[in-house]
Amino acid sequence: MRIVTERLKLLPLKVQDLKNYVLDYSFFADSLGINYEAKVISDFMKGIFEIKIGKIEGDPENWLLYTYWIILDRQFNEEAGMIGFKGLPDANGRVEIGYGTEEKFRFRGYMTESLRVLCDWSFTNLFLNIICASVKKDNPASIRVLEKNNFKLFDEDRDYYWYELKKSFENGGKNEKDNI
């Protein structure tokens, strides 16, 4: 399973892929046949991966809502970033999404493109109704990614803005702007 655009390929990572990513990134990259540079995974991210692995192992049927999707730059066949949901949707079909871009691939529109295609795919295939995201107020790049994808501000606290994108039923489940 994968989502492909002109510039990118998004692949959902299975449990073993997630384990390989944190244990030995070069082995992980080789096993997927992707090019890579040396990479150090922070202890914080290792902890996040362990949480995701535990959730997938406890609920394998819903693995696509727990895993990370690796974003590959098709030209260089390298990891450009990661994107993924933070768990099961609530009773209203609302789920949170998170994402990050590798430094050398920032400011190319990759995350805007990745968020758009994953939201569109998910509204159709995962039967979600609302995708939300929290973003630190001092992160203008991430705010732009959300706004370019028609996410609307719905709440804030001292440090964060909360945005959401609602499924549009008028155009087959895609968000309001896109028809890919």
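Reply: This is a predicted model, in which local features need pLDDT of at least 70 and side-chain atom pairs count only at pLDDT 80 or more, while totals for chains, interfaces and linings use all residues. Residues are numbered from 1 along each chain as its sequence is written, and side-chain values use heavy atoms, with hydrogens and water left out.

Me: What makes the overall dimensions of the protein chain agree with a compact globule?

Reply: The radius of gyration is taken over C-alpha atoms, and the globule rule is 2.2 Å times the number of residues to the power 0.38. For 180 residues, a compact globule would have a value near 16 Å; the protein chain has 16 Å, so the two agree. The C-alpha atoms fill a box of roughly 45 × 35 × 35 Å along the principal axes.

Me: Which secondary structure elements does the protein chain contain?

Reply: There are 5 helices and 8 strands, and their order along the sequence is β-β-α-α-α-β-β-β-α-β-α-β-β. Helices (H or I, at least four residues) and strands (E, at least two) are DSSP runs, numbered from the N terminus.

Me: Why is the pair of Tyr-21 and Tyr-25 called edge-to-face?

Reply: Rings of Phe, Tyr and Trp (its six-membered ring) pair if their centres lie within 6.5 Å; planes under 30 degrees apart count as stacked, over 60 as edge-to-face and the rest as tilted. The centres of Tyr-21 and Tyr-25 are 5.0 Å apart and their planes stand at 90°, so the pair is edge-to-face. Likewise, Tyr-161 and Tyr-163 have centres 6.4 Å apart and planes at 75°, so this pair is edge-to-face. The structure holds 9 aromatic pairs, and ring pairs link Tyr-21, Tyr-25, Phe-28, Tyr-36, Phe-49 and Tyr-68 into a cluster.

Me: How do you know whether Tyr-161 is buried, partly exposed or exposed?

Reply: Buried means under 20% relative accessible area, exposed over 50%, and partly exposed in between (1.4 Å probe, protein chains only). Tyr-161 has 22% relative accessibility and therefore counts as partly exposed, whereas Tyr-163, at 4%, is buried. Tyr-21 is buried at 4%, and Tyr-25 is buried at 8%. Buried residues make up 48% of the 180 residues in the protein chain.

Me: What makes Lys-52 a charge over the face of Tyr-68?

Reply: A charge sits over a ring if NZ of Lys or CZ of Arg is within 6 Å of the ring centre and within 35 degrees of the ring normal. Lys-52 lies over the face of Tyr-68, at 4.5 Å from the ring centre. Arg-94 lies over the face of Phe-154, at 4.6 Å from the ring centre.

Me: Which residues touch the most other members of the largest nonpolar core?

Reply: A nonpolar core is a set of buried Ala, Val, Leu, Ile, Met, Phe, Trp, Tyr and Cys residues joined through side-chain atoms within 4.5 Å. Of the 52 residues in the largest one, Leu-10, Ile-83, Phe-85, Leu-118 and Ile-131 touch the most other members. Helix H4 (residues 110-125) gives the most to this core, with 8 residues.

Me: Why is Phe-127 called exposed?

Reply: Phe-127 has 64% relative accessibility and so counts as exposed. Phe-127 is found in the loop between H4 and strand E6 (130-136). By contrast, Asn-150 counts as buried because its relative accessibility is 16%; Asn-150 lies in the loop between helix H5 (140-148) and strand E7 (152-156).
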